[in-house]
Amino acid sequence: MDTPPFLLPGADEVMARAEALSLVEDLPADMRAFVDGMLAEHEYHAVHEREARDLADRIRAHWRRWPELGWVASVRGCGRQDLPEHAAWREEGDALLGEACGLDVIPDIAGGLEGEMAALERMRLRDDVERFRRDRTALGAGAVREGVPELHMEGCAKLAALAGRLAQAEGLDPADRRLVDEWLTVHDRQTALAGAIRSLPGRAEAWRARRETDLPLDEHGGADPVDPACRAWREKGDALRDEADGMLLAESPHGPHIDAMPEAREAVAAALAEIDAVVFEDRFQRFAWLTRHVTGQAKEAGTVWYYAPRYPETVAHARSLFGEESLDEDRKRAVGDWLRYDDRCERLRREIRDWPARADALLGERPGPGKDLGPMRRWRARAEPMLAEGREMQAKESPHAPHLAAMPEECKALAETAGRLEDALAEIETAEVDRLLKIAGLASERTGGIASDTAEHADPTGHERLARDRARVEAFLDLARKRLDERDRMDGLPREVRAMAGLPLTPEAWKQDADAVLAEANALGRDIPAGELKAHLAAAGAGPDAIDEDAAKIAKRLREDEEARAAERQRQAEQQAQAREAERLKFEEERDQEQSEGGGMSMS
């Protein structure tokens, strides 16, 4: 390092000679300029040296007053920082340090000044540590007294700033550094908890808005639930909801901060309610998207919804939504229709799977051909409806048909078992007739008449007719009530919901089924004697006029539908007439205008 010339040994003697030379009157100009420059530089550095030494003396005197302030404070019975002189001492120290930093001093001269500055900094660091300890204790005591975290006490921000400076300071005592670091750790944790509470409403709103901007929503506001963006958005919402819900728990670390912050509890509760509402709406929109997707899949595949690839996922969503009070009536109906559809499909599939086993069990109970008429008739009474049930499942228009198409093994088992049951029925009927003929023959021998005139010979015809009539009456009552229930449920439902619920799509479609019921009502009155008909109705638990009453109800609904269609046709006719009249008036107006314009041209 180069040392300035005036600090070298013998510099004073050299400068004395230079001063003597400057007094020579005939000194050459170049020599005079050189000498005057040496003298000016020497004077400049001499002045700054005096300033630096003076400043060093003042700084030394200043930092030595710090212990004195401690003695004064002990005499007055207060803390050092509580003295009026202490604030002045800190301000004076700031000014001295600022003055020292602005002083241009050669390092060789500034060594003493820098030493005094370092001493002052050490003293001020000790003062800061003392003030930190005092304010930390006071802040903690006040927080305990007020029952709030230290973060919400007045003066915490100033203490945090002081602790931050101490944490960055060099030369801090290890014990003091641990104390500062521990306090800052607690302070940072409390700051994070309070910050999370304050920011929750804004974060919840930002999350809600991202559904509209970040997710691939369709025109209905729904999106594929398995889309990665949707999953990430839902996970963020779940985390927000758990966070908000946790904040309101009695044992939550956020609790003391919420109690200390006015309106914080209401804000967190409102944010939680908003998150719940958005999550619930998204749940329904996912379900709605899946219903549209499944119906499209089924249509493309030419099958029913049940066999669409994502049908199980759709039903799972419906089950999770069922019973939710937040659903309005239309949404409850939509969810319920899908669940009823699923229950219906499961029942149909169960019937397909169970029927062969039921039929096999019945075949195992078949009486032998040598048995009496009673066991054979009782078995046939059970087997005939069982076979009819199986054949109905196999019908092309049966509700079981699409499921049979998707269940080849069960379909095969049903067909084979139905064939065996049909053969067994034919054998029983043959054995029953043979038995009856034998009984009739014995009776004719006993009475001396012919077999065809005996009561035993006529017995099967009468019993079979009564059984058929009883079955027709019961079937009519079930069918009439089913048609009336269908018509009541159709009101107010759109076509899509009717389709999901297995209802006729239009009143015209329902009319076809209803006309068949009315025709059967007329046939029952014509085919069955009145006395027997009343007996059948009583056995079915219905009143004597139940057939007429159900038929009247169906006829009334048919008339109402016809009147509604007539009114609609009248309204459409009136609209068409109004449109034609408006078109005619417009045409006449245009024609009159053209004639007027044509006449004006001819006159010109």
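Where is the place of His 403? I found His 403 in helix H14, residues 401-406. Helices here are DSSP runs of H or I with at least four residues, strands are runs of E with at least two, and both are numbered from the N terminus.

**Ground rules**

I am working on a predicted model, where local features need pLDDT of at least 70, side-chain atom pairs count only at pLDDT 80 or more, and totals for chains, interfaces and linings use all residues. Residues are numbered from 1 along each chain as its sequence is written, and side-chain values use heavy atoms, with hydrogens and water left out.

**His 403**

I checked its accessibility. His 403 is buried, at a relative accessible area of 2%. Buried means under 20% relative accessible area, exposed over 50%, partly exposed in between, with a 1.4 Å probe and protein chains only. I then listed contacts (heavy atoms within 4.5 Å). Setting aside neighbours within four places in sequence, His 403 touches Tyr 306, Tyr 307, Cys 345, Leu 348, Arg 349 and Ile 352.

**Whole protein**

I counted 20 helices and zero strands. Of the 604 residues, 35% are buried. Among contacts between residues at least 6 apart in sequence, 68% join residues at least 24 apart.

**Helix H8**

H8 covers residues 228-247, 20 residues in total. From first C-alpha to last it reaches 29 Å, close to the 28 Å expected at 1.5 Å a residue. That expected span is 1.5 Å times one less than the number of residues. Its buried residues are Cys 230, Trp 233, Arg 234, Gly 237, Leu 240, Ala 244 and Met 247. Down the axis of H8 they fall within an arc of 145°, so they line one face of the helix. The arc is taken from the directions from the helix axis to the C-beta atoms. What do the buried residues of H8 pack against? I found helix H7 (174-214), helix H9 (255-260) and helix H10 (264-301). The face turned away from the buried side carries the exposed residues Pro 228, Glu 235 and Asp 242. At the start of H8, a side-chain oxygen of Asp 227 comes to within 2.9 Å of the backbone nitrogen of Ala 229.

**Cavity by H8 and H10**

I searched the whole structure and got one cavity of 30 Å³ or more. The largest cavity has a volume of about 40 Å³. H8 and H10 are the elements that give two or more residues to its lining. H10 gives the most, with three residues. Cys 230 and Arg 234 are among the lining residues. On a 1 Å grid over the protein atoms alone, a cavity is a set of points where a 1.4 Å probe fits but cannot get out; a pocket is an open set with protein on both sides within 12 Å along at least five of seven lines; lining residues have an atom within 4 Å of a point. Grid points are joined across faces, edges and corners, and a volume is the space filled by probe spheres set on the points.

**Largest pocket**

I noted a volume of about 1,500 Å³. The pocket is lined by 35 residues, with Arg 344, Ser 398, Pro 399, Lys 482 and Gly 502 nearest its centre. H14 is among the elements giving two or more residues to the lining. H12 gives the most, with eight residues.

**Two loop residues**

Leu 503 is in the loop between helix H17 (495-500) and helix H18 (507-527). Leu 503 is buried, at 8% relative accessible area. Glu 263 is in the loop between H9 and H10. Glu 263 is exposed, at 65%. Its phi is positive, about 65°, although it is not a glycine. Most residues other than glycine have a negative phi.

Definitions and conventions. Polar contact = N/O pair within 3.5 Å; in protein donor to acceptor, adjacent residues only side chain to side chain.
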